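Biologist: I have a structure open and want to learn how to read it. Can we take it feature by feature?

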Amino acid sequence: MVRFKELPKAYDPKAVEPRWVEEWAKNPLRPELNAGKGKGPFTIVIPPPNVTGNLHLGHALDNTIIDTIIRFKRMQGYEALYLPGTDHAGITTQVLVERELAQEGLSRHDLGREKFLERVWAFKEKNGGAILHQLRRIGASCDWTRERFTLDEGLSRAVRRSFVEYYHQGLAYRGKRIVNWDPVAQTVLSDLEVNVEPTPGKLYTLAYPLEGGGEIRIATVRPETIFADVAIAVNPADERYQHLVGRKARIPLTERYIPIIADEAVLMDFGTGALKITPAHDPTDFEIGQRHGLEMPSVIDLEGRLTGELVPERFRGLERFEARQAVVQALEEAGYIREIQDYTIALGYSDRTKAPVEPMLLEQWFVRMKPVAEKVLQGLDKGEMRYVPERWEKVSRDWLENIRDWAIARQLWWGHQIPAWYDEEGNVYVPDPENPDLDCDKDPRYAHLKLRRDPDVFDTWFSSALWPFSTLGWPEETEDYKKFYPTDVLVTGYDIIFFWVARMQMSGYQFTGRPPFHTIVLHGLYLDAKGQKMSKSKGNGIDPLELVDKYGADACRFAWDYLATGGQDIRHDERRYEQGRNFANKLYNAARFVLMQRDPSASHEPQAAGCSPTLADRWMVSRLNRGIAEITEAYEAYDLGRAARLVYELVWSEFCDWYLEAAKPALRAGNEATRQTLEFALATLLKLLHPIMPFITSELYEALTGETKQLALQDWPTPGERDPEAERAFETLQQVITATRNLRAELGLPPHQEIVVQLDGEGAALVLENQPLFRFLAKAQPRLGRPERALAQVTPTVTVYLEPQGDLGAFLERQKKRLAELEGLVAQGERKLANPSFLEKADPAVVEAERERLLEHRLQLERIRENLARLS
């Protein structure tokens with residue numbers, strides 16, 4: 001005999017959720033559990049969080065969306081793989097360890113590379129992996145047996161193999177380019193790791209004395225770099241300077257003369273129209289310098305200090321911003337400054353250390369991205385990948401079509417060291433594609449050479465770009481790689497579409513010849529309640545685990561799925577979490593009611609024989625069938641916000657508010673069909689809700705069925721036939737019951753006082769046919785009639801009348817007083833919404849709420865006027 005579980009009176013997530021967290025950790029929901037069902041694989045890889053990081057709301061949103069999709073597909077019978085793992089986070093992790101060392105009075109150079117890496121690995125073992133345990137708390141149903149790390153042996157081989165292939169195909173090269181240098185982290189950054197922010201500054205107009213007399217004025221925001229000037233450029237079409245092209249001018253504070261050249265890249269309307277050319281410290285100047293064959297001296301070192309013989313001795317060693325002040329003071333004293341203006345500078349800041357980035361001319365490893373990006377564009381043309389929402393495809397295409405070469409080297413020690421070696425003459429050696437794992441200094445072919453390895457490591461995103469296939473075993477043809485690649489869906493925030501999504505696409509086509517996934521689901525950023533990005537510096541961050549402690553994981557997941565609509569940015573709204581908690585409580589109480597009606601010997605499917613389903617039973621089953629179809633469609637479209645709203649409405653309004661109440665008379669009469677329909681409906685609703693709220697649904701399903709096979713592995717419901725007749729009939733009853741309740745409220749009558757209502761219209765007969773149910777739900781006796789002096793409410797098929805009893809004076813006085821109040825509120829609302837200032841400055845949600853309030857007040861006003869007219 002089936003053993004049923006007793007449920008406590010009140011739902012406590014803290015008593016329920018830990019049990020399922022432990023269950024899914026000890027017995028992961030592996031894809032093999034669905035082997036043999038014939039649906040095939042369905043794969044999503046986790047966006048790997050920093051190994052030493054902690055869960056933030058972005059992670060929680062990402063992984064809730066992923067888990068919702070995975071649980072849905074698992075219940076559909078797919079061999080669903082949710083693959084977990086973490087990223088080594090090169091810069092972030094190394095900076096944390098270097099801070100620890102600094103507190104001990106040490107630097108990484110004091111330890112040396114080998115000892116420093118031992119220290120970082122120890123730090124990783126001590127502090128790493130916590131985030132994956134935190135993900136378990138929100139219900140992430142990963143296959144924990146397949147956990148990967150970007151620095152594990154397999155992924156390290158994949159990184160090495162990809163670089164070797166890039167190099168031998170002529171795509172990876174070393175070259176001198178202007179790069180973004182982070183003087184704090186002491187490493188190059190890609191363009192995507194630089195945040196350009198408007199920053200208050202100054203625009204200095206300087207006089208450069210001309211050889212032979214006179215001066216030419218240039219405008220600059222960086223006077224400290226004048227010592228690296230090699231030319232002054234003007235636009236060849238600029239008539240102001242055409243006569244000066246070919247002459248020379250002297251750099252202020254020096255005795256060096258530089259040529260005046262013409263170049264079309266110079267903007268005639270910026271500053272004075274004359275541009276100082278400093279190729280080693282500005283990307284535009286670098287390109288001009290290349291075109292004209294100019295020298296490229298550098299006067300700022302890797303610490304961000306002025307250096308070199310070109311710099312006057314008094315400025316050498318000064319930090320760049322300190323040097324700016326000193327140089328400006330010297331220029332003023334020497335009479336070279338003609339004007340100083342306030343100016344907003346588009347300044348780049350390191351995404352990691354927040355330090356202003358220094359453009360530096362350095363020799364670095366790059367990858368030519370144009371030919372690789374072209375493969376992705378061709379794949380998009382063929383429809384091999386799609387974006388949800390679709391608008392992001394154009395954004396992605398624009399970036400891919402204008403892509404620049406990728407600086408892949410980082411001046412760090414924590415990461416994948418670049419497998420390139422140099423001989424004493426500077427020649428480059430990279431392992432052979434046929435044997436990429438053999439180090440060049442171990443290769444017998446180079447035994448006669450003295451080789452040194454490149455000390456740099458790859459950009460963290462270089463290894464992350466391989467994540468969809470390296471985690472499955474590539475470059476080996478493993479069983480997992482053959483079965484689960486290409487993956488199916490990628491879920492991530494739109495903010496890393498270039499950092500990560502596009503690079504995975506390029507890597508997928510380049511190394512596997514296939515797209516890494518067929519659908520990219522992009523969500524918005526999770527912002528604070530004011531619409532600002534969360535950050536430690538602003539102090540506006542919200543810990544998702546605190547929300548879980550306060551509301552429960554299911555309530556939080558409901559909020560995150562509910563808010564993830566259309567890829568829009570999400571404003572934190574505590575009401576959604578409260579709504580999720582209230583929803584869990586409502587469902588729990590409804591389940592307890594159902595279980596109280598239970599006959600342990602009964603099955604859980606509605607039976608036709610020997611049962612008499614009521615109109616309410618037929619309506620509920622029909623609404624379930626409609627709900628299954630609509631909710632399944634929303635899940636299939638990855639529109640989880642819509643899925644959450646649909647299942648919420650089906651559970652809260654139709655099942656709890658209507659069907660449970662409508663079922664009570666039949667249950668009291670011992671109608672077995674109603675009891676079975678009740679259990680069948682609850683079991684179906686638990687399945688539909690499970691992907692969003694897995695903890696409470698798993699707990700209630702176990703209590704309802706007594707099955708040992710958990711809900712996560714049950715079959716997804718399929719819709720049956722609709723019953724239009726039952727839906728129309730019950731909808732008529734709902735409308736008349738609602739109208740009756742409204743009339744009762746208008747007269748201020750107690751909810752449980754039975755009243756008499758008169759009905760008129762084509763639907764009245766149907767109400768009389770279902771009089772017992774109507775009387776139970778409306779607490780009213782229905783009769784046919786059309787009295788003159790009565791309050792009335794009109795439904796599509798019935799007009800409901802309620803005659804006031806006794807003296808109407810007090811009622812009419814209350815109505816007239818309320819009428820005056822509403823006229824004032826309507827006038828106030830109209831004035832507010834006619835105010836352009838309010839419409840422009842107020843939050844759109846506030847404006848919309850004001851419109852809804854005005855509409856409600858107008859409807860109430862109209863109803864009171866109608867009532868007064870009827871009763872006069």
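**Reading the model**

Modeller: The protein has 28 helices and 29 strands. Helices (H or I, at least four residues) and strands (E, at least two) are DSSP runs, numbered from the N terminus. This is a predicted model, where local features need pLDDT of at least 70 and side-chain atom pairs count only at pLDDT 80 or more, while totals for chains, interfaces and linings use all residues. Residues are numbered from 1 along each chain as its sequence is written, and side-chain values use heavy atoms, with hydrogens and water left out.

Biologist: What box do the C-alpha atoms fill, and what share of the residues counts as buried?

Modeller: Taken along the principal axes, the box is roughly 110 × 70 × 55 Å. Of the 872 residues, 55% count as buried. Buried means under 20% relative accessible area, exposed over 50%, and partly exposed in between (1.4 Å probe, protein chains only).

Biologist: In which sense does β11 pair with β9, and in which with β10?

Modeller: Start with the rule: two strands pair if DSSP finds at least two bridges between them. Strand β9 (residues 231-234) pairs with β11 (residues 257-262) in the parallel sense, over three bridges. There, Val-234 has Ala-262 of β11 as its bridge partner. Strand β10 (residues 248-250) pairs with β11 in the antiparallel sense, also over three bridges. Here Arg-250 is bridged to Tyr-257 of β11. The hairpin of β10 and β11 has six residues between the strands, and Leu-253 takes a positive phi near 70° in this hairpin.

Biologist: How many cavities of 30 Å³ or more does the structure hold?

Modeller: First the idea. Rolling a probe the size of a water molecule over the atoms shows where empty space is left. On a 1 Å grid over the protein atoms alone, a cavity is a set of points where a 1.4 Å probe fits but cannot get out, and lining residues have an atom within 4 Å of a point. Grid points are joined across faces, edges and corners, and a volume is the space filled by probe spheres set on the points. The structure holds one cavity of 30 Å³ or more. The largest cavity has a volume of about 50 Å³.

Biologist: Which residues line the largest cavity?

Modeller: Among them are Gly-90, Glu-193, Arg-352, Arg-410 and Asp-459. Helix α3 (residues 90-103) gives the most to this lining, with three residues. By class, the lining has four nonpolar, three polar and four charged residues. Ala, Val, Leu, Ile, Met, Phe, Trp, Tyr, Cys and Pro count as nonpolar, Asp, Glu, Lys and Arg as charged, and the others, Gly among them, as polar.

Biologist: How many aromatic pairs are there?

Modeller: Rings of Phe, Tyr and Trp (its six-membered ring) pair if their centres lie within 6.5 Å; planes under 30 degrees apart count as stacked, over 60 as edge-to-face and the rest as tilted. The count comes to 39 aromatic pairs. One of them, Tyr-166 with Phe-511, is edge-to-face, at 5.0 Å centre to centre and 70° between the planes.

Biologist: Which parts does the pair of Tyr-166 and Phe-511 tie together?

Modeller: Tyr-166 lies in helix α7 (residues 153-168) and Phe-511 in helix α15 (residues 497-512), so the pair ties together parts that are 345 residues apart in sequence. Tyr-166 counts as buried because its relative accessibility is 2%. Phe-511 is buried too, at 10%.

Technical notes. On a 1 Å grid over the protein atoms alone, a cavity is a set of points where a 1.4 Å probe fits but cannot get out, and a pocket is an open set with protein on both sides within 12 Å along at least five of seven lines; lining residues have an atom within 4 Å of a point.
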